[in-house]
Amino acid sequence: MKLGQEDGTANYEYVTARVRSRRSALFDESDYRKLVRMGPSEIARFMEESEYEREMNALGTRFSGVDLIEYALNENLVKHFDDVLNWADGKLYDYIARYLRKFDAWNVKTVLRGIYSGSTPTEIDDDLIEAGELSDELLGRLVEANSVENVIELLSGTLFGDALEDAYELYESEGILVPLENAVDRAYYANLQSNLPRNPNRAEELYIEFVQAEVDFRNLRNALRIARSGADIDPAEFYIEGGRLFDDDELRQLANNPDELVARVRDSTYGDELDEALTELDGAQNLIAFEHALDAALLEYSHTLSNRYPLSVCPVLAYVLAKEREVDNIRAIARGREAGLSPEEIETELVIV
């Protein structure tokens, strides 16, 4: 990532115009309907005639099948987000750069999971997405780390260092990664909301509103997971500060009463966007289906904010979410077809708005 463009005037009009153009090229429902009925080689050919042409051609001599598709998806994602950062100036640049550190969080959790499960450095490296700020050199050292403790030592001094060090004792005593993964998420969201003005202007308010929504959706997801797990877990341990929907005490109470939790959300700011997700939860009693519906609701909410405030950070962050979802959908289709899943089975894994 190219850094150091925080100074200067935010150029919302220019960046949002470029982003609207990029968003219009994203795959739509009809594209996905075609893809779920193709084999991996047909999917690859389809991508060669799309926005992914450059990456598919560049990587086609080294990879094939699903490997080619996945590498092309990751390279294209990084290219697009680098472009967005390079277009932006001033505060807009700062907001985008902070938001894209979600991929640093993804990479740290990917390394931790890989080492915990005994994956090889190559297997771990294949799943990294280099769209954040952690350097290639540091990522290379993390992939080669021989223990979870070594990873935490390497991340000392980074955005995630202190939070991981604080969570390490609980990880050792429990023997599960959840405390470390939660620490990474908390550090990421704390950074999103750090050093914001006490009396924000309108542009700053919209950034805050977008971040608050994402935090609320994350807390809602965690609360439902805990409620459905039946495990003796304090929901407040998973609480992320900065949302509008719950505080930690409310989350603790509501996680033990799923019906009350759903009623609370229906009456909230997000009631309209989450109506379908909550109906899915009530009807199917299927947490995975609910989480997919929740992802769709966040995309829908981000789109609502983008339409309401077209010259703001909202369309840019909404595009990041939509592009990320496109990559996830194509990856799910390619892996599903390779595994022999039916189109109907694969469609349950897609999030389409």
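Contact here means heavy atoms within 4.5 Å. The views below come from a predicted model.

**View 1. The largest nonpolar core, with 118 residues.** The members that touch the most other members are L164, L180, L220, F246 and L274. Helix α18, spanning residues 314-338, supplies the largest share of this core, at 12 residues.

**View 2. The largest pocket, with a volume of about 1,700 Å³.** Its lining is made up of 46 residues, and the closest to the pocket centre are W106, R218, R221, R225 and R325. Two or more lining residues come from each of α5 (65-87), α7 (102-117), α12 (178-192), α13 (202-229), α17 (287-308) and α18. By residue class, the lining holds 20 nonpolar, 6 polar and 20 charged residues.

**View 3. E70 and its partners R331 and R335.** E70 sits in helix α5, one of the elements that give two or more residues to the lining of the largest pocket. The relative accessible area of E70 is 16%, so this residue counts as buried, the cut-off being under 20%. Not counting residues up to four places away in sequence, E70 touches R331 and R335. With R335, the contact includes a polar one between the two side chains, at 2.7 Å.

Conventions. Residues numbered from 1 in each chain as written. Predicted model: local features only at pLDDT ≥ 70, side-chain atom pairs only at ≥ 80, totals over all residues. Heavy atoms only, no water. Core = buried A, V, L, I, M, F, W, Y, C linked by side-chain atoms within 4.5 Å. Buried < 20%, exposed > 50% of the residue type's maximum accessible area, 1.4 Å probe, protein only. Helix = DSSP H or I, 4+ residues; strand = E, 2+ residues; numbered from the N terminus. 1 Å grid on protein atoms, 1.4 Å probe; cavity = no way out; pocket = protein on both sides within 12 Å on 5 of 7 lines; lining within 4 Å. Points joined across faces, edges and corners; volume = space filled by probe spheres on them. Nonpolar A, V, L, I, M, F, W, Y, C, P; charged D, E, K, R; others polar. Polar contact = N/O pair within 3.5 Å; in protein donor to acceptor, adjacent residues only side chain to side chain.
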